[in-house]
Structure formats: structure tokens, C-alpha cells
Amino acid sequence: GLDVMLVLDASKSIATAGATADAKAAATTLVTALKDTNTRVGITTFGRGPIGVQPLVDDTADSAASTGALGAAIAAYTPDTIEGTNWEAGIRTASQLFATAGKRAGVTQLMIVVTDGAPNYYLNADGVPVAGTSYPSASKDAKDEAMDRTNLFKADGGRVLGIGVGSDFSTTGATTRLSYLGQLSQYAVLLSGDPLAEPPTA
């Protein structure tokens, strides 16, 4: 079994990129695949800041059903109506939920970040969302703040998988999106299954 946090990008850009259905499908597929495998799954969503939270629960037929905790959280997923993509907010919330649930002996903690790949907000020292220097485009400082969070998680034994969704991965700006997603995670794929360049694991 595993302990898995699904970190779902619910920024406005997800909707404008036509990726809402892809994000829901990715979450549903993962929850279904891990059902009844002694796995706990939680879900958190983010836009300009944190949005929704579903703490870790056992992934079973009941929790995965449309009326269950996980199924209902996925069904409720709706992109925000204001601009701003804050990877750090989602990753920090996921880390906090892992800490609250506690580690299980011999069980790997896996964070799965589903995003359109363009972080442009981060959190300041008071936890308040702040626009990155290149906002509204992808911002290196926003990416770096998110990487600091994932590196702390990885240093404690966690693993990170990035999943890219949306039509923006096929535009002229895709090189930056692919690079940022690869740097964020130890493993990164597009929803189509095409592998990205092997990212650093620091």
C-alpha cells in the first residue's frame, strides 16, 4: 500500500486550457487504480492559494464511490474564477495533511501534482499569496518556492510525481512548462503518457 496526496491544480488557467475534465479523469483513474490496496488517499486543490482539502482516508469501494469522501471531492473539483497558480500552496497543504495523518511503517508517501504547469504565485512568510515576478506568465521564483517545499518532503523520504494536463503543453510556451514540471518532481509525465526529460531528484 501507499499513502497518496493528490494535489490538483484548480486555477483559472486549468479551465481556459480545457483541462478540467483531464484533471478529474486523472484523479478518478488514480483513486480507482489504488482502491482496496491498503492505500490511503487525500486530495487538496489550489489556485491563487489553497482551496479544498480532503484528508487521507482508506481508498475503498465506499470512499471511491460518487457519494464517498474521495469520489465526492473529485466531483466537487471546479477551477477557480480568479487568475493565479500557486504550486507552493497545494504542496504545503499536502505536506501538512501527511504530517497530520502520520507515517505508516514501511509505507511510502507519494505526492501527485496534477497541473497545467505554469506556477505564477507563491506564499510569503505569513502564508499570504504573492504574485511571482513574471506574473501572469510562469515565474521562476514561484517555481523555486514550490521546489523548496517538495525538496523538504523528498528529504523526509517522500516521492513526487508530476502530471501535466491541458492544451498549453502543446503551445510555444510548453518548453518552460515542461521544464518546471520536470524540476518539481522525481517522475513526470503528460496525461497522454509521453515521458518528460528525466528531472533532477535533489
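Which element gives the most to the lining of the second largest pocket? Point 5 takes this up.

1. Basis of the model. The model is predicted, so local features need pLDDT of at least 70 and side-chain atom pairs count only at pLDDT 80 or more, while totals for chains, interfaces and linings use all residues. Residues are numbered from 1 along each chain as its sequence is written, and side-chain values use heavy atoms, with hydrogens and water left out.

2. Strand β1 and its partners. Helices (H or I, at least four residues) and strands (E, at least two) are DSSP runs, numbered from the N terminus. Two strands pair if DSSP finds at least two bridges between them. Strand β1 runs parallel to β2, and seven bridges join the two. In this pairing D9 has F46 of β2 as its bridge partner. Seven of the eight residues of β1 are buried, where buried means under 20% relative accessible area, exposed means over 50%, and partly exposed lies in between (1.4 Å probe, protein chains only).

3. The β2–β3 hairpin. Strand β2 covers residues 40-46 and strand β3 covers residues 50-58; they pair in the antiparallel sense over five bridges. The hairpin that joins them passes through three residues. I43 stands opposite Q54 of β3.

4. The largest pocket. A search on a 1 Å grid over the protein atoms alone separates a cavity, a set of points where a 1.4 Å probe fits but cannot get out, from a pocket, an open set with protein on both sides within 12 Å along at least five of seven lines; lining residues have an atom within 4 Å of a point. Grid points are joined across faces, edges and corners, and a volume is the space filled by probe spheres set on the points. The largest pocket has a volume of about 290 Å³. Its lining has 15 residues, and A118, P136, S137, A138 and R177 lie nearest the centre. By class, four of the lining residues are nonpolar, eight polar and three charged. Here Ala, Val, Leu, Ile, Met, Phe, Trp, Tyr, Cys and Pro count as nonpolar, Asp, Glu, Lys and Arg as charged, and the others, Gly among them, as polar.

5. The second largest pocket. This pocket holds about 160 Å³ of space. It is lined by 13 residues, with S95, F98, A99, F153 and D156 closest to its centre. Two or more lining residues come from each of α5 (87-101) and α6 (140-155). The opening question has its answer here: α5 gives the most, with five residues. The lining divides into five nonpolar, four polar and four charged residues.

6. F153. This residue lies in helix α6 and is buried, at 7% relative accessibility. Contact means heavy atoms within 4.5 Å. Leaving out residues up to four places away in sequence, F153 touches S95, F98, Q109, L110, M111, G158, R159 and V160. F153 and M111 are 42 residues apart in sequence, yet their C-alpha atoms are 9.0 Å apart in space.

7. Salt bridges. A salt bridge is a side-chain nitrogen of Lys or Arg within 4 Å of a carboxyl oxygen of Asp or Glu. The whole structure has seven. One of them joins D3 and R40, with the closest N and O atoms 2.7 Å apart. D3 lies in β1 (residues 2-9) and R40 in β2, so the pair ties together parts that are 37 residues apart in sequence. Both D3 and R40 are buried. D3, R40 and R104 are linked in a network of salt bridges.

8. Two further salt bridges. E88 and R149 meet at 3.0 Å, N to O. This pair links helix α5, which holds E88, with helix α6, which holds R149, across 61 residues. E88 is buried at 2% relative accessible area, whereas R149 is partly exposed at 27%. K103 forms a salt bridge with D156, the closest N and O atoms being 3.2 Å apart. K103 is in the loop between α5 and β4 (108-115), and D156 is in the loop between α6 and β7 (159-164), 53 residues apart. K103 is exposed at 52%, and D156 is partly exposed at 48%.
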